[in-house]
Amino acid sequence: MGAVQSFREMCDRPKNTNVRLSLPAVCIVWQTAMIILFGVFIRYNEESDTHWVEYKKENNIPSDIENDFYFRYPSFQDVHVMIFVGFGFLMTFLKRYSFGAVGFNFLIAAFGLQWALLMQGWFHSLDYTDGKIKIGVENLINADFCVAGCLIAYGAVLGKVSPVQLMVLTLFGITLFAVEEYIILDLIHARDAGGSMVIHTFGGYYGLSISWMLYRPNLDQSSRLQGSVYHSDLFAMIGTLFLWMFWPSFNSAITDHGDGQHRAAINTYLALASTVLTTVAVSSLFQKHGKLDMVHIQNSTLAGGVAVGTAAEFMLMPYGSLIVGFCCGILSTLGYIYLTPFMEKYMKIQDTCGIHNLHAMPGVIGGIVGAITAAAASESVYGAEGLINTFDFEGEFKNMVPTKQGGHQAAGLCVAICFGIGGGILVGFILRLPIWGDPADDNCFDDEPYWEVSHRSSDYIHPAE
Amino acid sequence: MGAVQSFREMCDRPKNTNVRLSLPAVCIVWQTAMIILFGVFIRYNEESDTHWVEYKKENNIPSDIENDFYFRYPSFQDVHVMIFVGFGFLMTFLKRYSFGAVGFNFLIAAFGLQWALLMQGWFHSLDYTDGKIKIGVENLINADFCVAGCLIAYGAVLGKVSPVQLMVLTLFGITLFAVEEYIILDLIHARDAGGSMVIHTFGGYYGLSISWMLYRPNLDQSSRLQGSVYHSDLFAMIGTLFLWMFWPSFNSAITDHGDGQHRAAINTYLALASTVLTTVAVSSLFQKHGKLDMVHIQNSTLAGGVAVGTAAEFMLMPYGSLIVGFCCGILSTLGYIYLTPFMEKYMKIQDTCGIHNLHAMPGVIGGIVGAITAAAASESVYGAEGLINTFDFEGEFKNMVPTKQGGHQAAGLCVAICFGIGGGILVGFILRLPIWGDPADDNCFDDEPYWEVSHRSSDYIHPAE
Amino acid sequence: MGAVQSFREMCDRPKNTNVRLSLPAVCIVWQTAMIILFGVFIRYNEESDTHWVEYKKENNIPSDIENDFYFRYPSFQDVHVMIFVGFGFLMTFLKRYSFGAVGFNFLIAAFGLQWALLMQGWFHSLDYTDGKIKIGVENLINADFCVAGCLIAYGAVLGKVSPVQLMVLTLFGITLFAVEEYIILDLIHARDAGGSMVIHTFGGYYGLSISWMLYRPNLDQSSRLQGSVYHSDLFAMIGTLFLWMFWPSFNSAITDHGDGQHRAAINTYLALASTVLTTVAVSSLFQKHGKLDMVHIQNSTLAGGVAVGTAAEFMLMPYGSLIVGFCCGILSTLGYIYLTPFMEKYMKIQDTCGIHNLHAMPGVIGGIVGAITAAAASESVYGAEGLINTFDFEGEFKNMVPTKQGGHQAAGLCVAICFGIGGGILVGFILRLPIWGDPADDNCFDDEPYWEVSHRSSDYIHPAE
């Protein structure tokens, strides 16, 4: 107990937000490490290498249009926009933490995608003939996906951590992600095209656990900065809408060519449309005079996209997608109204962006929907070949059947939750060390400690107000 | 006359903007109805169904890349951005109605696209073997198009209606749209790839007629809120630019594979470029000291895209596109300067966003340009096969000739105008009922009645100012 | 000297910013000229013409998906967003010049792309059988590229010139661009897919030379307006992020089908990611308390994309891309810290947006990286066919070897620098004529002279403050 006690005391020293040495050091050292590791491990794959012209001939590929680039690049760019503009601007809603929202999101995503290419590459794209990771556009998409998990976690601790802590959160987050993804997709053979489990459930619980470890009892000292202003809410809507519009691309980006991508896009489009209506309904119903709350419109409208992530490539049916979206809009909005305050008051989880309602809970729902949809799959609906294609019942999983697949899906969900909570506690412990330059309790939600902010601008809210 | 009198009186009761029951009720009931109707009617088509793998073999389709998804999905996503970010942010220019602009746009678009999938599906995608509507990416694009008509109409009544009224406007708007579209495209066999007639002319007159029915003689009581502030004009430019940039995708999204999509994109790109220069010219010429007016730059620069909507897939020729854009930039800007005030003063049409200048008038021009271009088509320019392909002179229209097609195009335009005006008057009559929670005359253009707005933010303009 | 003297005096007359005659005149006359020239010269190419259906048969093209539209249109749209939203919003950072930034960017891009289609068409797409320029989607991309050079130059003179001057800058800029591009790509046979030399080096030095010619010794009279406000910095981040995200499309838009586009996208993605980390590192290291400066985050994070422009299509290798990005982030940020103030103080170059650090210097680095990478190319890495394909060693360049190609690349870089500086001085001389309506020294960086701006908005900063 003495050790814990002294750890506690160490953590409670006066805060110093100067990151002038630690931030550059982390950036330069890690980027240098990336260059070395990329030099050792990463090469172009056969579709992005100049040998493609020979590869085409050898494999009787009739045209350049068969290059995976043309199947996936448009979706990749949509996903890329979601990562940088979508997540970045969604978090700009705070009245004076917009630089940190969009800027640190930018920083950790740019770092995370490099580390993800390596981590995921070792698990999935390693060419055993020469020990190199061979990358193409699908790897870029997966790297962006991997980063999404960490950006979700950032939402829970928004405004309460230093950029150095975020870099650490990302380094470990990507690592944990790659491992749980390998377990869920390869070992357990669960399907999770849009990442309800792998991305959202993991990322959500990872962030919530970190937030719980970093609980600040005196956070109300920063309450003056915890709201939004009119135009910061509008900036956040840019993030919301780009996430909402491009979510069909997110869920279909790495699904099977042809009907797989097509169906995933349709299902996601429908689920999201449905979510908007129930979000508006619940938001209006639970406010005085029926007024809508921007927090709900900005966030809960996206829950349907999370919740069809797993099942989007299955024969969920258009009405199935609408039902999933319907339920998630209601649950997510109720989460913002009841659960977030409850969790802050009784469970010591301060969830700045309400990621529990937007990612963790809808992610779990998505995992369950995926398990049910998979278990209910049948040859009569999918066709014999379609069933094999969709669930990848090939190789060592040749004898898999839908009901069993449903069980595997559920197992995958459990792994995601465990990795999220376990990893978050571990990383939270590390982030409590008093060396990271995080802000004091009365200095949260403020760009001042980490950004040069002009003090004379009229639209800047001073602490005194 | 007694009935009219009592209807008038009923409409003049004090306003109550509380939508706490009506808005949730409409959202939940209609969304539930959508789920039921989708369950009964909507299924995947052969390109988004798991049977695609068998369909491919049966039809000797050599590769997944031939799936319509890869022809149209990038354009679909561009159109999607236009609908949600383009239209949504274009209307954020008012100093304190930005939440309503982007938020209600979001709500009615999300509802409208579901209803559009059903309505358009019954007319165009019904599989008579099993009575189901089979959907794919082209249906999603058409649903977004259909929604665009209602969003245009929203522009005319922006700030003066309740969200419940907007839901009603959308329900009827989509219904009317689907019927007029069926008449124009299928019965009359007019071509209208970019929807100059079907979308813009219809949507424009629909909105203007509703605005006329909802005329508010004392709207000047809200004049303090009718302007923009510096940053709200910048938010509106986000909408303008995404509309402007992606308009080539809008006009080419559902044209023929190959040269059809290619040519439509080129024509639209050129028309829009030309419009910018003449808009700037007229805006500068008619202001004191030659200063530019943001209203013109935000809106009139888009008129060229509207006006090549019909003819974009024809051999309009690059210079033809420039000419159309040239004229529309001038006319649209003059419309903002002279017509909008005239219509408000003498015709009792209060057109908040000036949709007459951006959609209705350029839409009519587009219809006329389309009729002329079609009538002037010849085998020497199009090639024998090209002529048949472009105008779809097949099946029962095998004996159609270009001059006759020109007449059909003109007939289509008339139908669009009639449906717009007639439908608008009808729906306007319904919207005058005193049950929808619309704001009072001194409470328009204000987010306050329908949104939780922080009152202490420094960038929020209080009524007293 | 007498002539120079009187020219000086003429230039120093009191400023009159009224462009009510000159701006409309330039717009209308030039747009009319475009219509006439397009009428004489520009037609659809075989892929956008209705004869495509016959062309397909004659050339045994099996499917519409082989139309170049499907290879390049998604990238085109991304480039289009970079030109209008990317460049436009990147320059909105000034507290009261946002209308001018995004509005004039819109104007000159819309004009420039038309003139570019003609100029580039005469050099590259002229069909000698009928003397017509045949255009398709690749021409649209190249026109957007050509415009980018002028928008870069606008960055140097932002806030200090009139819209008429910008139109002149663009007319000459496009013309010079087309000539230098022809020399570099066709005569010298340098490769420059992403335009490090052709676009960024040329555009950068063109703008810097013009800025030098238009030096304003008393510009500090406008210093009150030279900073940003909180939300203007956020608007600028919209520009930054769309440039950053879509840069892979920019560098891959016109590269070879298949592996060429694929590899260029990967290289650019990686270089940009690396740049973000070193930019953050240097920005933090050189500021008091390690605070980040928004100017660096908005600009230097993009330098890596510029610097891999030439080599992105080569076998630069993933780690090579990271190294290029690493160096550019550091150099560009140091440029903002040391070089920009130095150039203003000692070299009379007032570079509003710091284009030297974002475009000129990284462009030169890109040219050098391209030369080295080309010179180091070998059959063992590229494959025999790959080498020929990548460097286009065909026709009259059949006997070219990589080392020689390296020399040609270097020669291309020199041509770009010469055209930029020489052209800039020439055009700067023309722009000093006192007929263009440019603002006085105490009236710069202000939308007031050229835009109707509401004076009562609370978020508008008055000069007196």
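At what angle do helix α6 and helix α8 of chain B pack? This is a predicted model, in which local features need pLDDT of at least 70, side-chain atom pairs count only at pLDDT 80 or more, and totals for chains, interfaces and linings use all residues. Residues are numbered from 1 along each chain as written, chains are lettered from A in the order written, and side-chain values use heavy atoms, without hydrogens and water.

**Stop one: a helix pair.** Select residues 137-157 and 196-213 of chain B. These are α6(B) and α8(B), packed at about 35° with axes 7 Å apart. Axes are lines fitted to C-alpha atoms over the stretch in contact, and angles run from 0 to 180 degrees between N-to-C directions. Helices are DSSP runs (H or I, at least four residues), strands likewise (E, at least two). Now show the contact (heavy atoms within 4.5 Å). From α6(B), it includes Phe145(B), Gly149(B) and Ile152(B); from α8(B), it includes His200(B), Gly203(B) and Tyr206(B).

**Stop two: the chain interface.** Select both chains. Here 81 residues of chain B contact 77 of chain A. The two chains bury about 6700 Å², 71% of it on carbon and sulfur atoms. That is accessible area (1.4 Å probe) lost on being put together, summed over both parts. Pick out Tyr44(B), Thr50(B) and Phe106(B): they supply 12% of the area chain B buries against chain A, more than any other three residues.

**Stop three: a salt bridge.** Select Lys291(A) and Glu448(B). Their side chains form a salt bridge at 3.1 Å, N to O. The rule is a Lys or Arg side-chain nitrogen within 4 Å of an Asp or Glu carboxyl oxygen. Between chain B and chain A the count is two.
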